[in-house]
Amino acid sequence: MGSDSGRLRHRLGIALAAAALVGAGGVIGIAANQASQPKQRTAVATAPVETAAVDPHVAAGAQDFVQFACNQCHGFRGRGGISPAVPALTTVAKNLTPPELRSIINHGLGESANPTQPYMPVWGAVISRTQVSDLIAYLRAGLPAVTGAAPPTIPKHQGAAVEGAVAYRGYGCINCHGPNGLGGVPNPQSPDKTIPPLSGQDFRTEFNTDAKIIAVIRSGSVIGKAPIVSMPHWGGIIPPERLRALAAYIKTLK
Ligand code: HEC
Ligand code: HEC
């Protein structure tokens, strides 16, 4: 793993800034309407038509699939077609057991093996047990269509920063870097103990050009093996004009 050690970065300044912000960020929860109660209709003779509706766990999993940007790499409803490096997920539940799926989602799949390609990110510190269970239910159900489970539409003609703000949610950046890039999302095993903010003086000093911001988004930054969460590699996934929009948005953050 010698190739990783050079990329290992300790930034005490950011650790302190992030520590001061702990609690400000955090993972956005799933809307309350996905309450996880299985349908109980035992005594009802004439069940209403919506019995055919998607199981609540499957529906919640479909929302998680969008929230954690699984669709951005694996394609809409896991149908693939985004990058040759990323497999479709349509048959994955036939080949892998639920514990195997849970382990892949929590720990990724060898992020440091090839730093020039997208890899399956480590989500363990960022995603809840329930969210992983719901994702597994969704994969096992064959990734059905679920109303409302679609990525946000990126607005056109409103300027790069607006486009970038929506892309920041659509690519799941918000799960790890917090709303408005405030940081504070725990990453207990990492040197800094939190995922860094994308705002604040230390960030601006280190990432003082669009080129530097875009370079780290494109190539990611492997700071260690799972359970450590690293910056995913987005090269080949996020198109260049959208990378510029993300940089424009990040520069607006205080
Ligand atoms: C940044 C891109 C990216 C994102 C985001 C991403 N994945 Fe992956 N995923 C990959 C890549 C690349 C692989 C293949 C890794 C390998 O084979 O080494 C993979 C593999 C997998 C596999 C194993 C597939 C197989 O056939 O063995 C599963 C399951 C999976 N991902 C589920 C998910 C889920 C669920 C999410 C959202 C929580 C997600 N992925 C988000 C890139 C991504
Ligand atoms: C799975 C969690 C995760 C996701 C999703 C994620 N990041 Fe990161 N990101 C990290 C971690 C961890 C680091 C710190 C890497 C390091 O210290 O080398 C990081 C670092 C960065 C940095 C450099 C900041 C610094 O101080 O090192 C930028 C810029 C960045 N991410 C932007 C983004 C953008 C834009 C997105 C969405 C396209 C995104 N990240 C998605 C975890 C994530």
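Predicted model: local features only at pLDDT ≥ 70, side-chain atom pairs only at ≥ 80, totals over all residues.
How many nonpolar, polar and charged residues make up the shell around ligand 1?

1. By class, the shell around ligand 1 holds 21 nonpolar and 3 polar residues, and no charged residues. The shell numbers 24 residues, of which F68, C70, C73, L109 and M120 come nearest to the ligand. Two elements, α4 and α6 (98–107), each give two or more residues to this shell. The most come from α4, with 4 residues.

2. C70 is part of helix α4, which spans residues 70–74. C70 is buried because 25 other C-beta atoms lie within 10 Å, the threshold for burial being 20 or more. C70 and M120 stand 50 residues apart along the chain, yet their C-alpha atoms are separated by 9.4 Å. Both C70 and M120 are among the residues nearest to ligand 1.

3. Ligand 2 is surrounded by 28 residues, and the closest are C173, C176, P196, S221 and M231. At least two residues of this shell are supplied by each of α9 (173–177) and α11 (210–219). The largest share, 4 residues, comes from α9. By class, the shell around ligand 2 comprises 21 nonpolar, 6 polar and 1 charged residues.

4. As background, most residues other than glycine have a negative phi, and most peptide bonds are trans. R77 is located in the loop between α4 and α5 (92–95). R77 counts as buried because 22 other C-beta atoms lie within 10 Å.

5. N180 likewise has a positive phi, near 55 degrees, and is a residue other than glycine. Its position is in the loop between α9 and α10 (201–206). Is N180 buried, exposed or partly exposed? N180 has 18 C-beta neighbours inside 10 Å and therefore counts as partly exposed, since burial requires 20 or more and exposure 12 or fewer.

6. The remaining feature is a cis peptide bond that joins A226 and P227, with omega about 10 degrees. P227 belongs to the loop between α11 and α12 (240–251).

Definitions and conventions
Residues numbered from 1 in each chain as written. Chains lettered and ligands numbered in written order. Near = placed C-beta within 6 Å. Nonpolar A, V, L, I, M, F, W, Y, C, P; charged D, E, K, R; others polar.
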